[in-house]
Amino acid sequence: MRLAKTLLACALLAGPAFAADATGLEAGDIAVADSLRAKALAGSTAWSVVESLTTEVGPRLAGTEADARAVRWAEAKFKAMGFDKVYLEPVTFPVWLRQRERAEVLAPFPQPLVVTALGGSVGTGDAPIDAEVVEFATLDALKAAPEGSLAGKIAFISNRMVRFKDGRGYGPAVGARSNGAVEAARKGAVAIVIRSIGTSSNRFAHTGTMRYVPDVPRIPAAALSNPDADLLVHMLGRGRPVTLRLDISAETREAYTSHNVIGEITGRELPGEVVTIGGHLDSWDQGTGAIDDGAGVGITMAAGALIGELPQAPRRTIRVIAYANEEQGLYGGKAYADAREAAGEIDAHQLSAESDFGAGRVYALRAGVDPAAWPVIEKIGEVLAPLGVATEAGVGSPGPDVGPIVAKGATWAQLAQDGTDYFDYHHTPNDTLDKIDPKALDQQVAAYAVLAYLAAETAVDFGRVPAKTTP
């Protein structure tokens, strides 16, 4: 049993002299959280952090020189913001580089198309691929195609992602990006193009990671902008063969070591127990990574720094993590979780949360904790309510980089953001600073500061995630 749980038990036995209730929080703790909320709303440093990152570093494709600059930037920023402890942890992964990408219709209606290579794709070789296009409405339709039916042809998946506030249209659509190349190659295709996994009507193509599997040929994979996918659908609808030229140059290089960058506010009583918040430091190479995920880095750095300004640190340590290479395979989150498991530190993680869904305002608090600790979540929710945040039980999920440690039993919290327009910009050249409302960032900083402080201050142990909620 952890010391925190023992402290709570002793306090409850002590009776009225101890002001905390079953939440393990005293009235003074709530007052401090209220003050954090008010201070953040009055103006946080989050926007200036994102401005600094996008201006001084810009696109941060994992494994590039810009990635290394981002690590140095984050280390310096944590120190400048007053964190007690700042350190790096290595994360190793293969490096994929985009070099050239072009597409055009050769016949029957010649014109250029806006296209982007999917992360991890191979190139088309020394010469472009010219081939007839075959359309499939969904990934499942492609899977159902007869064996060999796409020999010498380019597959085209035209399914459209549906817009939702919570982004739930992403899951049903993203399989076309992740697995389309494998399924097309199994049918004999020489390449695949997909409709971008995004909700934008702008002529920007959305990139993102795809994958190959052993024993299936690796074919080039690219995404068309939504308007260009519509154009291709209209051409195919005329009943004549459509010939597409695809010209991609890309490569995967040897393993590279980047770093998770970590800043801590040291707990006053239980420094070995931690509450983590964070976002991922890397981005795709086309925009400046403002909403994905400069915003998450800025929000959580600002929230942690705000807590660090308090005259008394919370009971437990607050750890802010700028994760490495989330975009190409959750490498930073996996490395962090594996290192904690190897050190026997999973149970030291009281609660883990992550901001990686853009810059929209927080509208809900959700969590996966031991049921006995749910009253603490409800109390945190009461402090968040003035921000327009509702507490929702039995729903939600951890963020992508938090997922690996949750899979090992750690508890999680989610501050759900309004993502109505997130997938308009996600993974495109349009992911830039002008899409961010500074006041929306302040609201999120307020939410993360309240969550992190009260989770670190309570005497209650959050336990482990019930098996049914482990990803």
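Rings of Phe, Tyr and Trp (its six-membered ring) are paired if their centres lie within 6.5 Å; planes under 30 degrees apart are stacked, those over 60 edge-to-face, and the rest tilted. This is a predicted model, in which local features need pLDDT of at least 70 and side-chain atom pairs pLDDT 80 or more, while totals for chains, interfaces and linings use all residues. Residues are numbered from 1 along each chain as its sequence is written, and side-chain values use heavy atoms, without hydrogens and water.

Which residues form one aromatic cluster? They are Tyr 170, Phe 357, Tyr 422 and Phe 423. Within it, Tyr 422 and Phe 423 pair edge-to-face, 4.9 Å centre to centre with 70 degrees between the planes. Both Tyr 422 and Phe 423 are buried, where buried means under 20% relative accessible area, exposed over 50%, and partly exposed in between (1.4 Å probe, protein chains only).

In total the structure holds 9 aromatic pairs. One of them is tilted: Phe 93 and Tyr 331, 5.6 Å centre to centre and 40 degrees between the planes. Phe 93 is buried at 1% relative accessible area, whereas Tyr 331 is partly exposed at 25%.

I turn to the helices, which are DSSP runs (H or I, at least four residues) numbered from the N terminus. Helix α3 (residues 46-56) packs against helix α13 (residues 438-457) at about 115 degrees, with axes 8 Å apart; axes are lines fitted to C-alpha atoms over the stretch in contact, and angles run from 0 to 180 degrees between N-to-C directions. Ala 46, Trp 47 and Val 50 of α3 meet Pro 438, Leu 441 and Val 445 of α13, contact being heavy atoms within 4.5 Å.

Methods
Helix = DSSP H or I, 4+ residues; strand = E, 2+ residues; numbered from the N terminus.
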